[in-house]
Each structure stands twice: as structure tokens, then as C-alpha cells.
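Please look at the sequence and the structure shown here.

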Amino acid sequence: MVEPFILGIESSCDETAAAVLHGHKVLSNVIASQELVHKYYGGVVPELASRAHQQKIIPVVEEAIKQAGIVKKELNAIAFTRGPGLMGALLVGVSFTKGMSWALDIPMIEVNHMKAHILAHLIDDGSKALKFPFICLTVSGGHTQLVIVKSANIFELAGETLDDAAGEAFDKAAKALGLPYPGGPLIDQFAKVGNKQAFKFNLPLVTGYNYSFSGLKTSLVYFLDKHQKENPLFIEQHLNDICASYQNAIVNVLMRKLNQLIKDTGINQVAIAGGVSANSELRSAILDLEKKGCDVKIPQFSFCTDNAAMIAIAGLVKYKIGEFAPLSIGATARYSF
């Protein structure tokens, strides 16, 4: 089979992205961040996000095609994020895809955003390939999941967060610490020079492979409130240690469940995905699994956060089995895994 050219479009939250893949190879991966749009408000504002997508989607797609060195008529299909995500943001990507699909007379392919994060590991990036089945820990701002990936089309959800995701736990903690948006990467930065054993936080006790982070976040808030009453400069004087200790707690929770799933299933192929997979301590903890005999794959930083290359590779999987979407399809903010 001649490898197709797939255009991927991602607009689920606060990145407008487009990518072109030729088979498993990335020809372009363009991302327009909305960080400056939302920074003033300390988080993503859905209405502003959808407006920014409307402004950026045409130039981003044009740039992706230009960088790929092809023309539009060479495209074989367009893959788009149907959900989950912010409804207004998703509608921009879905509507644009419909128009381009109709104009070029090529099929459109719906993609589940969370599955795309996992399938990013199928991109030919020069690193070793994982064999099926493998376990993927997917950690992002809105989701935390443990998934057994049996094939490119078969996923078994072993566990997920019951409340806040790990990414939310980072971002809300950063806000409590007075750090600007996006705060998760800043916690990672300060933690690198802090003592992760300096403070202890209550770890959630949840049975099975599910996660919970709301209690850990609340534990930090009470901790800060207590110490700031005693010393108004507590955060300023202990910021690095607080970040290191809190980050260590989150990574411990994530790894405890992952290690249990590896032990229970006997699957030693392991991967991580999602925006929080860029966290340095989590990446280090995952790589340590190699000492236990696991084959580990961590994504390149460009494929960690929301991007369109992962949407295109997920689209390629469906393209090869002829699973296309009708023009009548709509976006869905809550897209079941």
C-alpha cells in the first residue's frame, strides 16, 4: 500500500495545531500556542480559546502544508480531534475539517484526543518501537489514565482519575503558590533545586488502578494556610522545597499504580503520554523501570503536549481500515474512551 498523506488538525483546548504525515513520518508539526491569551486570567478561558482558534486555524494549516513540501491536492485524508475538549474550540476544528474535506473531496477521520496521545508512540521518530501489548500512563491537564494497549485499535482502560487529573493538581497548586499560568512547568523547574523530602503530604488511598488528586491538592492548600499564618514569607522562603515535595508526591502516586499494573499483568512494555509526560521527575521515574526489566518509551517533548502529529497518526490507523467520518458528524466535549 502506498503510504498516504494525512493532514491532522488539533483544536481541543488552547493550542491550534496542524501537521502532515506521510505514513508514519512527520513532514510538519505546527503549533500556535494561546498561552499569552489566557495568562492574564490564570487559566484557559473557553470563549477566548475558540476565538483564537478561529483566527489561527487557516494560517496554521497553510504553514503545515507548506513545511511538508506538498500541495493540498496531494492530501489523502484529514484527521481531526472530535473530543474530548472544550466544545467551542472543538467546533472550530470540526467545521474547518468539514469544509476542507468537501472542497478537496477527500475523507475526514474523527480522532479521540486521548487515544491520539497514546498512538503518538507509533510515529517514526527514529527511536525504538514498542511492541504490543504495552501499558501507557497518560497524564494531562484534564485526564490521568492507565491503559493497556493491545493493538493500534484495541485499548483497555485499566484505571483513571476519579476527580482532578495530575495536570490539574500541578496547575492548581501553582496558583496557590502564586505562580503564573501555566504553573505546572514552573513547579518542575523549582523542584529541580529543592529537597523533595522536606515536607510530607497526605497521599490518596484509592483501590484498584484508579487515581485521585483532589485530596492531595487540598492537603497542600491547608499546609500553606497553616504555615503562612505562622510566617507570611513561608512560600517565598521555601518555594523550591515545597515544589519538590509536592511534585514528588504526585509522581509517587502515579508510579505506585503503574507498578502495580505491571506486576499484575506481567506486561513489561511501558510508555507515557500527555502534557505532564514532559515533567522531568516523572520521566526519570519511568526510565528507572528499565532497571526492573521493562522496555520503556517516553515521547519527544514535541509530542507530549497537544499537537496535530498525534492526531494524524491516529487518523492513519483508521485510514488503513477505511474508517471514515460522515460530513454530518459533530464535536463532543465528553468523548468516551
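The text below goes through a sheet, a pair of helices, a further helix and one serine. The model is predicted.

**The sheet**

Five strands form an open sheet in the order β8-β7-β6-β9-β10, and the pairing is mixed. The edges are taken by β8 (155-160) and β10. Each of these two strands has a single partner, so one side of each is left without a neighbour in the sheet. From one strand to the next, the twist averages 20°.

Helix α8 packs on this sheet and touches β6, β7 (144-149), β8 and β9. The direction of α8 makes about 165° with that of β6.

Strand β9 pairs with β6 through 4 bridges, and the two run parallel. Within this pair, L137 has I272 of β9 as its bridge partner. Strand β9 is also joined to β10, by 3 bridges, and these two strands run parallel as well. Here Q269 stands opposite D295 in β10.

Is β9 enclosed or open to the outside? It is largely enclosed by the rest of the structure, because 5 of its 5 residues are buried. Burial applies to both faces of β9: Q269, A271 and A273 lie on one side, and V270 and I272 lie on the other.

**Helices α5 and α8**

Two packed helices are described by the angle between their axes and the distance between the axes. For helix α5 (residues 166-176) and helix α8 (residues 234-265), the angle is about 170° and the axes are 11 Å apart. This angle makes α5 roughly antiparallel to α8, because angles over 145 degrees count as roughly antiparallel.

Which residues meet where these helices pack? From α5 they are A166, A169, F170, A173 and A176, and from α8 they are I235, Y246, Q247, I250 and L254. Sorted by class, this contact has 9 nonpolar residues, 1 polar residue and no charged residues.

**Helix α9**

Helix α9 covers residues 280-287, and E281, L282, R283, A285 and I286 in it are buried. The elements that cover these buried residues include β6 (134-139), α6 (184-191), α8, β9 (269-273) and β10 (295-297). Among them, β6, β9 and β10 are also strands of the sheet described above. The N-terminal end of α9 is capped by N279, through a side-chain oxygen and the backbone nitrogen of E281.

**Serine 11**

S11 sits in the loop between β1 (5-10) and β2 (15-22). Its relative accessible area is 1%, so S11 is buried. The side chain of S11 reaches two backbone atoms, the oxygen of A89 and the nitrogen of G93. Apart from neighbours within four places in sequence, S11 is in contact with H53, T81, A89, L90 and G93.

| Side chain | Backbone atom | Distance |
|---|---|---|
| S11 | oxygen of A89 | 2.9 Å |
| S11 | nitrogen of G93 | 3.3 Å |
| N279 | nitrogen of E281 | 3.1 Å |

Notes:
Residues numbered from 1 in each chain as written. Predicted model: local features only at pLDDT ≥ 70, side-chain atom pairs only at ≥ 80, totals over all residues. Heavy atoms only, no water. Axes fitted to C-alpha atoms, helices over the stretch in contact; angles between N-to-C directions. Parallel < 35°, antiparallel > 145°, perpendicular 65-115°, else oblique. Contact = heavy atoms within 4.5 Å. Nonpolar A, V, L, I, M, F, W, Y, C, P; charged D, E, K, R; others polar. Buried < 20%, exposed > 50% of the residue type's maximum accessible area, 1.4 Å probe, protein only. Polar contact = N/O pair within 3.5 Å; in protein donor to acceptor, adjacent residues only side chain to side chain. Pairing = 2+ DSSP bridges.
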